[in-house]
Amino acid sequence: MITAVSPFGKTGLSPAVAELDRPAAPVSPAASATSFSEALSGAATQAVATLDRAEALSLQALQGGGVETREVVDAVMSAEQSLQAAIAIRDKIVTAYLEISRMTI
Amino acid sequence: MEPVSLFDLAAQQARWLSVRQSAVAGNIANVNTPDYKAVDAKPFEHVLESSRLAIAPTHPDHIPIGTAPGAVDVREDADAVVSESGNSVSLEQEMVKAGELRRAFEMNTAIVKAFHRMMLMTTRT
Amino acid sequence: MAFDPLSATVKIAASGLNVQSERLRIVSENLANAQSTGTEPGADPYQRKTISFASTLDRTLGASFAEVDSIQKDSSDFPLEYMPGHEAANADGFVKMPNVNPIIEMADMTEANRSYEANLQVIKQARELISMTIDLMRQS
């Protein structure tokens, strides 16, 4: 029985989601920076959690282990949603960072 | 147990489901053949076990599908009720199996599709 | 491994369709000739046909194809009907009638249809599973 699930490392999503944490470092002008990075790491953490759950339930379903269909479907959809959100926030931050770095001081 | 790639597991299950589907087809095709005994695939857990061991012991009455470890064994269903013609196929049971196979297959492809989508999401800008 | 179980499934189910079709053909022939007597006095009438199936194991799959083994004549006695004056009536006025029992033939036909449908379902499902797999590549 496959019981252990590496934090979605094997699907290859983990490094990508970990990436989302990095842009937070260089962007630190004023007080709004904390809310950005907080928002970002919050989104990233949630994405990791929902992805973990989705992967665990999917593995169970694939092995035929009586897991409720609706549960798997809901978990996978949540994972997609939080992943999408995390990516959107990352993109906004990267854009903001590039704008800021183009400003002449 | 060591973690397994989701996509690998899905591929293995898809193969197992396909082989089982062909076994069901063979049973249904031979529902009126005298002395034909219904066959079925070994449960999926067994396939996973043997792929881990990487050594598949063979017995004369096994019909292993493929020579790779994790091969799917299809063999006679000893529990099947034999009719007076020597045939042991129950059409109802086979149809039920077919239904289960279909559902499992749908789940399998849906899971693969969703995770594939998520993979693509993370690699796009 | 150079075989595709799902494509093989379609072929196996097709063999099932074939044998059931043959069976239906034989049953129809029996029914159509249920009243066909001979034309000479004392001549034999239409003799009922029977069909038997055999399976061929495909070793790579572990599943078996179905095929027609043989088509035989039913050797049971011809029932006699008293019809003096009939062209096939013998010296005592009895005509040999085909050894076909329409009720049995109808029951056979019903079962053959059922088996035929089941094989058709298998083909349908196999095709759908193949589609699902290919759809994985599709956008969205």
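These notebook entries record what I looked up in the structure, chain by chain and contact by contact.

**Conventions.** I worked from a predicted model, in which local features need pLDDT of at least 70 and side-chain atom pairs count only at pLDDT 80 or more, while totals for chains, interfaces and linings use all residues. Residues are numbered from 1 along each chain as its sequence is written, and chains are lettered from A and ligands numbered from 1 in the order in which they are written.

**Chain A.** I looked up the secondary structure and found 3 helices and 0 strands in chain A. The elements run α-α-α from the N terminus. Helices (H or I, at least four residues) and strands (E, at least two) are DSSP runs, numbered from the N terminus. Of the 105 residues in chain A, 31% are buried. A residue is buried if 20 or more other C-beta atoms lie within 10 Å of its own, exposed if 12 or fewer, and partly exposed in between, with C-beta atoms placed from the backbone. I then took the contacts in chain A between residues at least 6 apart in sequence; 68% of them join residues at least 24 apart. Two residues are in contact if their C-beta atoms, placed from the backbone, lie within 7 Å.

**Chain C, overall.** Chain C has 2 helices and 4 strands, in the order α-β-β-β-β-α along the sequence. I noted a radius of gyration of 23 Å for chain C, whereas a compact globule of 140 residues would have one near 14 Å. That radius is taken over C-alpha atoms, and the globule rule is 2.2 Å times the number of residues to the power 0.38. The C-alpha trace of chain C spans about 80 × 30 × 20 Å along its principal axes. Buried residues are 27% of the 140 in chain C. Of the contacts in chain C with a separation of 6 or more, 62% come from residues 24 or more positions apart.

**Where chain C touches chain B.** I found 31 residues from chain C and 31 residues from chain B in the contact. On the chain C side, α1 (5-32), β1 (49-58), β2 (63-73) and α2 (102-135) each supply at least two residues. The largest share, 9 residues, comes from α2(C). By class, the chain C side has 18 nonpolar, 12 polar and 1 charged residues. Ala, Val, Leu, Ile, Met, Phe, Trp, Tyr, Cys and Pro count as nonpolar, Asp, Glu, Lys and Arg as charged, and the others, Gly among them, as polar.

**α1(B) against α1(C).** I looked up this helix pair across the two chains and read an angle of about 5 degrees, with the axes 8 Å apart. The pair is therefore roughly parallel; angles under 35 degrees count as roughly parallel, over 145 as roughly antiparallel, 65 to 115 as roughly perpendicular and the rest as oblique. Axes are lines fitted to C-alpha atoms, for helices over the stretch in contact, and angles run from 0 to 180 degrees between N-to-C directions. The contact includes B:V19, B:A25 and B:I28 of α1(B) and C:L6, C:I12 and C:G16 of α1(C). Its residues divide into 9 nonpolar, 7 polar and no charged.

**α1(B) against α3(B).** Within chain B, helix α1 (residues 6-29) and helix α3 (residues 91-123) pack at an angle of about 160 degrees, their axes 10 Å apart. These helices are therefore roughly antiparallel. Among the residues that meet are B:L17 and B:V24 in α1(B), and B:A98 and B:F105 in α3(B). The residues of this contact comprise 15 nonpolar, 4 polar and 3 charged.

**Single residues.** I looked up C:V122 in helix α2 of chain C; C:V122 counts as buried, with 28 C-beta neighbours inside 10 Å. Not counting residues up to four places away in sequence, C:V122 touches B:V24, B:A25, B:I28, B:A98, C:T9 and C:A13. C:V122 and C:V10 are 112 residues apart in sequence, yet 7.4 Å apart C-alpha to C-alpha.

C:S21 lies in helix α1 of chain C and is partly exposed, with 14 other C-beta atoms within 10 Å. The C-alpha atoms of C:S21 and C:L6, 15 residues apart along the chain, are separated by 23 Å.

B:D35 is in the loop between α1 and β1 (39-41) of chain B. Its phi is near 65 degrees, a positive value in a residue other than glycine. B:D35 is exposed, with 12 other C-beta atoms within 10 Å.
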